[in-house]
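Open the model in your viewer and keep the selection panel at hand. The stops below say what to pick next and what to look for there.

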Amino acid sequence: MATQQTQVLGRALLTPAVALLFIWMIVPLAMTIYFSTLHYSLLDSEAWSFVGLENFRYFLTDPAFLTALRNTLVLVGSVLAITILLGTPLALLLDQQVVGRSIIRLMVIAPFFVMPTVSALVWKNLLMHPVSGLFAWVATLVGTTPIDWFNDVPLFSVILIVAWQWLPFATLILLTALQSQDEEQKEAAEMDGASALSTFIYLTLPHLARPITVVILIETIFLLTVFAEIFVTTGGGPGLATTNIAFLIYTQALVQYDVGNASAGGLVAVVIANIVAFFLVRIVGRNLEA
Amino acid sequence: MLNAIREVTVKHVLSALLGAATLLGAAPSVAQTTLTIATVNNGDMIRMQALTNDFTAKNPDITVKWVTLEENVLRQRVTTDIATKGGQFDVLTIGTYEVPIWAKKNWLVPLDNLGADYDAADLLPKIRDAVSVSGKLYAAPFYGESSMVMYRTDLFQKAGLTMPENPTWDFVIDAANKLTDKSGGVYGICLRGKAGWGENMAFLTAMSNSFGARWFDEKWQPQFDKPEWKKTLSTYVDLMKAAGPPGASSNGFNENLALFNSGKCAMWIDATVAASFVTNPKDSKVADKVGFALAPNAGLGKNANWLWAWNLAIPAGSKKTAAAEKFIAWATSKDYTKLVASKEGWANVPPGTRTSLYQNPEYLKVAPFAKLTLASIDAADPNKPSVQPVPYVGVQYAAIPEFQGIGTAVGQQFSAALAGSSTVDAALAAAQTATEREMKRAGYIK
Amino acid sequence: MGQITLQGVRKSFGPVNIIKDANLDIENGSFVVFVGPSGCGKTTLLRLIAGLEDVTGGQILIDGRNVVGVPPAKRGLSMVFQSYALYPHMSVRGNIAFGLKMAGLPRSDIDRKVEAAAATLNLTPYLDRKPRELSGGQRQRVAIGRAIVREPKAFLFDEPLSNLDAALRVQMRMEVAKLQKQLATTAIYVTHDQVEAMTMADKIVVLNAGNIEQYGSPLELYERPANLFVAGFIGSPKMNFVPGEVAGEPSVATLGVRPEHLKIGKEGEGWPGTVSVAEHLGSDTFLYVDAGKLGLLTARCIGEFNFKAGDRIWLSPDPARLHRFDKDGVVIRT
């Protein structure tokens, strides 16, 4: 539709915005790469020097690195599984006509608006605390020994908290998708003799494939960098049980203002995120074509 | 660094807002100097903001802008600003950990001109040591604390035990075991367990001092492979396993405060500031049943207590040094203490910095824990934390930039030993490796 | 077999009565069209028969069996929806096969039936495409294929052609009608378009405000409308209505005459009037005539007449084709 003239004009007009966007993206990345090759600590800023890949070597050979990587993947995978496996039925439930639906929806969505640090504190001290927590109280009530959550199953406890925070997000996206499902299609399936289960499997699930992909990708981006919940509840411990890559970067570099090492760790995290995203897109990406 | 949540009530926030409003109302006519002050969001600092108009009334040519931040954010903002010479702030609120590091880097202006009224000799000597380098004051302490034993007088009485004023670890361990009644929900002792350089490591480092341990020898070689540290950690782990509450490996100051206040702990060793919380009937179920004692010793002449202060300092390069000095002199003066007392009562004055406060009968009347707070502060020596010689200053930390990272990593290992997911020996070995690795990289160990 | 009988069927949503006492007998193999203005309840009536809505009262008999309370799939009917309601994630084959698969038919039977249906509807080349890769007419045919493959007792069509363009609509209209005759299966077809109704139906049900106004063959409705509503609804352009008194028949309330039954008479014959608009279509000429007290009349004249606005003409109605209605709008038959 465009003549050559309008094309040239269009490009000329777009250039400043694209250039700005490019600079905005590329400059911090370039700086990060540059810093990652320096021995440069804010607290020792006079004595900086070029060290090549030393920062990467130091970060990757950290005895805690593999554990942190494993914890990161377990955390992301578990939270994804929980939020989608619970979020789907929850969304189906919320899609039904029930009294006070809007209030129920609001309540289900509420956890998403709680700050991570706050929800971590609430879970840690009010719910999971083995002496003064609600769970411990219930356990004592039914005559069992309270679970010492952060001591015995620290990573699982963190997973629970994070999953609780992200469940509303998954539910909300899936609920919106359900509401956009064509009513006549469901009726057609009803006429075709499909049971509720068959309708769910053959119609609803394929319809949800795309929103589920969106949930997986968006959640992964955020879950790879979970920090506040760990910092508040366990401080990465006991041992390395709850140390993920983000927390490792924090202890290795951020807390002591080591810019070089932090940049290297950050770049490693970016690479990990890309690898994870690559595989996730491969696994679930086929659905995007449907 | 002690992560103590001070009582930041709505009232304080409101009065802070009112104070700010008054500031805006006073239209200045003379040439104005605006001081930007970075501060932590604890109760004492918020109270100070509310009282700022007393300062601006006396100094009409100075206006004050507050930047109030949560402790970790404050540390990050202030460090970044001063290291990159950002110059955002004219007055900084910093801890005793930062003062010697920054002073040696000439990032701070020495406070030589606080005026005759300031009376630096009145500062508690150990606190003054902590904020001085080579005899020069680099920051003015505003609030100071140590740690001590808080215990339940009723439980001790029932068990026929008497807490000495300066207990030994043997006594504390014995008492903790005797007072533990797990079926009744009472635990002999509550101690920090959550990993972090300002969490479990603050307590454990102070505890290790009493057992004669040290972080580094004179050549900066980490000392976790020495018997003193093994004694410290195994004593701690054994004690907590026998007499500590479940979930101890994730308990910090706030968790233990809640446990103690609800009557679950017979003893608690933590910041002296906690004394005013556990004796406050509004928050505490056991307010009238609390006694205090010095943090325990192992007969080596050192007690397991730390030393911490929040201080005001001026970044080097500030162009408003004179005004900043005026402000600091006002905020840390004896008159300021009197001002708070007259407005909010003696119970609310910032503690732990001046000898004169501990000689004031009105303060002693409302603060039954004052005597032990003072004794605790006196018992900690930042320049000679351990019985063995050390190359660093700091009681519950080593004042080197790398300590926050090392402390957190070591804290994780020690919390694993407490949780039982690692043994004492394995945790110490891992701590030794991690610390050596970092110290080599940082160039301390050649 | 597909004999459908409605006995006193009622449907209300809360206080609103959508269907008021519908009684109807649909013979096996006939093509019945429900027609009426929007909101008349025709779609609701269809959905009641399908079982997608529950009746408030009355009985629906399919081959003599009361199906009230029987789930849709068990009624032996199939439905073509207005939006086609194809399953977007399945191929054409999957769409057509879905009902059979749900019924648990063996794979080989399903394949055979699907291919037969596809052949009937010229869909064979498209069997492995997804619905979004098809044109509107092709989608429509898939929807029909999905309906016929189950060999139902009756087809239910809910305004199936309304999303197609005019040319395709005419073509599909014929195809649907032809297919129905070929299969000899009862069909109920809902539309608001009376041309569609007239051209396709064996019998038409005219609905208005939840009532069945008349049930009969297209010509019956055209020639002998039971009341003013049917008279006005069936036929295009609309029937002219003039007050009986003005027309010289004081015994009837309203006199109706279709535009094609008005002849242009000689001066002084019939009703005088002034042409306000003349539409020349070549084959016909439509005249909109202001006839004073008689109101605005429409006349449809076969062939070309050279009138223009402002011309004065006389219109004479065919006396054998006059419709007389009493004051309740009910036709008076003599």
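Two strands pair if DSSP finds at least two bridges between them. Strands (E, at least two residues) and helices (H or I, at least four) are DSSP runs, numbered from the N terminus.

This is a predicted model: local features need pLDDT of at least 70, side-chain atom pairs count only at pLDDT 80 or more, and totals for chains, interfaces and linings use all residues. Residues are numbered from 1 along each chain as its sequence is written, while chains are lettered from A and ligands numbered from 1 in the order in which they are written.

**Stop 1: chain C, whole**

Select chain C. It has 8 helices and 18 strands. Its C-alpha atoms fill a box of roughly 80 × 45 × 30 Å along the principal axes. Of its 334 residues, 40% are buried (20 or more other C-beta atoms within 10 Å of the residue's own; 12 or fewer is exposed, in between is partly exposed; C-beta atoms are placed from the backbone).

**Stop 2: strand β3 of chain C**

Select residues 31-35 of chain C. Why is β3(C) largely enclosed by the rest of the structure? Because 5 of its 5 residues are buried. C:Phe31, C:Val33 and C:Val35 point one way, and C:Val32 and C:Phe34 point the other way.

Pick C:Val35 to see both sides. Its bridge partner in β8(C) is C:Thr191, and in β9(C) it is C:Val206.

**Stop 3: the two domains of chain C**

Colour 4-231 as domain 1 and 239-325 as domain 2; such bounds come from an automatic or database domain assignment. Their C-alpha centres lie 39 Å apart. Ala, Val, Leu, Ile, Met, Phe, Trp, Tyr, Cys and Pro count as nonpolar, Asp, Glu, Lys and Arg as charged, and the others, Gly among them, as polar.

**Stop 4: where chain A meets chain C**

Show chains A and C together. Here 14 residues of chain A are in contact with 15 of chain C. Which helix gives the most to the chain A side? That is α9(A), with 6 residues. Helices α9 (183-191) and α10 (196-223) of chain A each supply at least two residues. The chain A side divides into 6 nonpolar, 3 polar and 5 charged residues.

**Stop 5: annotated stretches of chain A**

An unreviewed UniProt entry places "transmembrane region" at several stretches of chain A, including 106-123 and 239-257; such annotations may be inferred rather than shown by experiment. Residues 106-123 of chain A are 67% helix and 0% strand, with end C-alpha atoms 20 Å apart. Residues 239-257 of chain A are 42% helix and 0% strand, with ends 23 Å apart.

**Stop 6: the largest nonpolar core**

A nonpolar core is a set of buried Ala, Val, Leu, Ile, Met, Phe, Trp, Tyr and Cys residues joined through C-beta atoms within 7 Å. The largest has 194 residues; A:Val162, B:Val91, B:Val149, B:Met150 and B:Met267 touch the most other members. Helix α8 (154-179) of chain A gives the most, 15 residues.

Terms used:
Contact = placed C-beta atoms within 7 Å.
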